[in-house]
2 protein chains.
Amino acid sequence: MTIDKNTDAEMKIPPLYMTFFMLALLMGCYEPKEIHEDAALFSKGEKITNDKFTGTAWLYMLATPDSLNAMYAGLVTFEPGARTNWHSHPTGQILIATKGEGYYQEEGESKRVLRQGETIKCLPNIKHWHGASSNSEFAHIAISDREKGPAQWFQPVTDKVYNGN
Amino acid sequence: MTIDKNTDAEMKIPPLYMTFFMLALLMGCYEPKEIHEDAALFSKGEKITNDKFTGTAWLYMLATPDSLNAMYAGLVTFEPGARTNWHSHPTGQILIATKGEGYYQEEGESKRVLRQGETIKCLPNIKHWHGASSNSEFAHIAISDREKGPAQWFQPVTDKVYNGN
């Protein structure tokens with residue numbers, strides 16, 4: 001291996017040039033961070049204050065149901081440990097996980113792990129719950145239809161069920 | 001203004017320290033870029049080869065319709081200039097823009113610009129088209145329902161309409 005004889009020497013750099021060079025490098029670093037922040041597509045919306053959830057969750061409505069088009073979609077963001085109560089939808093539901101790791105469970109079935117980018121299609125009138133895992137925030141787009149009426153809501157998901165299989 | 005007498009001096013820095021410092025700075029810059037790449041939630045899926053589109057578009061199905069839950073959702077990615085033909089849905093549609101800038105137009109109405117994070121709710125049987133703007137890739141999640149039958153497809157969107165208001 002050849003070592004340039006200058007590597008042991010001391011390089012002389014005017015400090016103002018040095019400062020500008022460092023600044024340029026550091027400013028270059030900030031750009032990708034801004035892009036990353038833009039990657040959060042939607043607002044978290046409003047904190048959910050009804051009694052249909054355990055823990056803290058947020059709702060950002062994307063499309064509301066009306067008499068001409070009964071479909072609706074909303075982004076739900078769950079803090080770690082937060083989850084819906086048991087509930088069912090008369091026309092079923094589609095869940096598209098957009099952030100973190102969460103759970104989905106139908107009554108009588110095992111709990112499933114849902115990760116960012118994965119989708120669940122739930123059949124009509126199947127009792128189920130969904131929410132964040134205990135150590136990750138979780139967000140999903142929830143899609144359903146009010147044509148056959150609203151969702152039916154049942155009891156909270158106990159810690160025993162939440163922590164079970 | 002007081003100028004430190006050292007600003008005109010030359011700073012002496014061993015070149016090896018300097019190299020490691022630069023490398024550390026530059027390596028720090030790469031991390032947010034990796035996060036940004038993870039922000040592409042879904043695959044682009046398969047190139048669309050039917051004659052219902054102008055230009056190049058891609059489909060990644062998120063949820064397919066079936067006899068028990070007729071709702072469906074798919075991510076459509078349009079290259080710049082690409083668009084659907086005119087079409088309509090018997091139960092309407094929800095479009096959630098997830099990337100870039102595109103257009104949405106209903107027959108007899110002005111063309112609307114749709115940007116990442118914005119949503120359109122389209123009424124049943126309204127003839128419309130959607131696609132990328134001419135200088136931006138565009139992606140949206142398209143949500144509809146097959147309960148009242150499939151979408152109806154019409155003629156391609158001419159360049160005159162595409163470039164109009």
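Which residues have the most contacts inside the largest nonpolar core?

1. Basis. This is a predicted model, in which local features need pLDDT of at least 70, side-chain atom pairs count only at pLDDT 80 or more, and totals for chains, interfaces and linings use all residues. Side-chain values use heavy atoms, without hydrogens and water.

2. Core. A:Ile96, A:Ile141, A:Ile143, B:Ile96, B:Ile141 and B:Ile143 have the most contacts inside the largest nonpolar core, which has 22 residues. Such a core is a set of buried Ala, Val, Leu, Ile, Met, Phe, Trp, Tyr and Cys residues joined through side-chain atoms within 4.5 Å. Buried means under 20% relative accessible area (1.4 Å probe, protein chains only). Strands S4 (57-63), S5 (71-78), S8 (93-106) and S12 (138-145) of chain A, and S4, S5, S8 and S12 of chain B, each give two or more residues to this core.

3. A:Ile96. Setting aside residues up to four places away in sequence, A:Ile96 touches residues of both chains, including A:Ile141, A:Ile143, B:Phe42, B:Leu62, B:Ala73 and B:Ile141. Contact means heavy atoms within 4.5 Å.

4. B:His89. B:His89 lies in the loop between strands S7 (87-88) and S8 (93-106) of chain B. B:His89 counts as buried because its relative accessibility is 5%. Its side chain makes polar contacts (N or O atoms within 3.5 Å, one able to donate a hydrogen and the other to accept it) with the side chains of B:His87 (3.3 Å) and B:Gln93 (3.1 Å).

5. Chain A. Of its 165 residues, 42% are buried.

Terms used:
Residues numbered from 1 in each chain as written. Chains lettered and ligands numbered in written order. Helix = DSSP H or I, 4+ residues; strand = E, 2+ residues; numbered from the N terminus. Buried < 20%, exposed > 50% of the residue type's maximum accessible area, 1.4 Å probe, protein only.
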